[in-house]
Amino acid sequence: MAYSGTVGTTVVTVQNFIDQGARLSGKLAEELTLEQVVASKQALFFVLSNLINQGINYWAINKTVYGLQPNKFAYDLPVGGVDVLNALYRTMNRPVGAYTSSAGGVTANIYDGNTSTYCQQSSANGNFIVNYGPNDPQYIGSIGIMPYVAAGTAVWNYYFQSSPDGVTWTTLYTAVNMPVTNGQWIFQDIDPGANVAYYRIQAYGGTTLALYEWYLGNNSTEVTMSRLNRDDYTNLPNKNFTANQPYQFWFNRQLPQAQITLWPTPSNAFVQMTVWYSRQIDDVGSLSGELEIPQRWNQAIQFLLGHQMSMILPGVDLQRIGYLENQAEKYFIMAENEERDKSPIYFAPNISVYTK
């Protein structure tokens, strides 16, 4: 027997989902008017948006790294972020190397540990290079830049690259039209990395580099921060208390973006916070595009959309609407029950002495 020999290569577009939703509703796909297609697309957006209310979508978990700033306690979760799963305070080792600039400026300022001095290159598409020496290669796990932007904000294009010899370079990360703000860290974890002697930040696309600091770190140590509820945070007697290490955070689910509020307020400019968070699924996009869902969810999403379309399209029998609702619930439960990582569960009861 001849099988296809492929897995996951069948493309199901947004248009395919809507057409099939029409058929489930007892209609022909070609009967749909433009208004009904737009309404069906909106219904699909609502279906996907509601998934996060049912539980964590394991394919929609992201990680971001914040460079903490002295006396700043509130940090925005990225757009679309819904909840913080893990927040960790991080410190790293900053190995010593020889720094050079291809386009002038006071190069020493980008590694002096002083966030008030900067190095401004004199021409576009330049680079900064650090050489750790052939006898002391470094496996850099995270790279951060603190941009100097006279206008306050800008858009930069640059690469983080590594090299064993300073001649042949491997790109570790590419920043395309990256929004940068004066004095605000941008960190990027490098995975996979390499144990090499040379690293550089290379500008392209007309970007002129100007940095307060260029931080290359390794041997990171991360410590879990505990979560406060709103009452615990609001009842803190001194919310502006500062310390090198924040121990706790309150997750403030406000609009337009949720915020992570730290306590104590950090006072060290050279530490980070690693955050794993759940997020909304990508927007529906064009009719010819695909949905950001794994293949195992296709049937559930199809029947959820079919049920929604049956209530939008005219003349759909009530019995069919009820049938589609039951099917949608059945396939959703099947998909949701499988949405797990199958890791062991550990129960750790906190039993302590109680006196009245």
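Strand β10 supplies the largest share of the lining of the largest pocket, 5 residues; strands are DSSP runs of E of at least two residues, numbered from the N terminus. The model is predicted, so that local features need pLDDT of at least 70 and side-chain atom pairs pLDDT 80 or more, whereas totals for linings use all residues. Residues are numbered from 1 along each chain, and side-chain values use heavy atoms, without hydrogens and water.

The volume of the largest pocket is about 580 Å³. A pocket is an open set of points on a 1 Å grid where a 1.4 Å probe fits, with protein on both sides within 12 Å along at least five of seven lines, and lining residues have an atom within 4 Å of a point; the volume is the space filled by probe spheres set on the points. Of the 19 lining residues, V65, Y66, Q184, W185 and I186 lie nearest the centre. Two or more lining residues come from each of β1 (61-67), β2 (74-76), β10 (170-181) and β11 (186-189).

Q202, in strand β13 (residues 198-203), is buried (under 20% relative accessible area, 1.4 Å probe, protein chains only), at 12%. A polar atom of the Q202 side chain lies 3.3 Å from the backbone oxygen of G126. F251, in strand β17 (residues 248-252), is likewise buried, with 6% relative accessibility. The C-alpha atoms of F251 and L228 are 7.6 Å apart, at a sequence separation of 23 residues. Beyond four places in sequence, the contacts of F251 (heavy atoms within 4.5 Å) include L77, V82, R227, L228 and I260.

Key. Helix = DSSP H or I, 4+ residues; strand = E, 2+ residues; numbered from the N terminus. Buried < 20%, exposed > 50% of the residue type's maximum accessible area, 1.4 Å probe, protein only. Polar contact = N/O pair within 3.5 Å; in protein donor to acceptor, adjacent residues only side chain to side chain.
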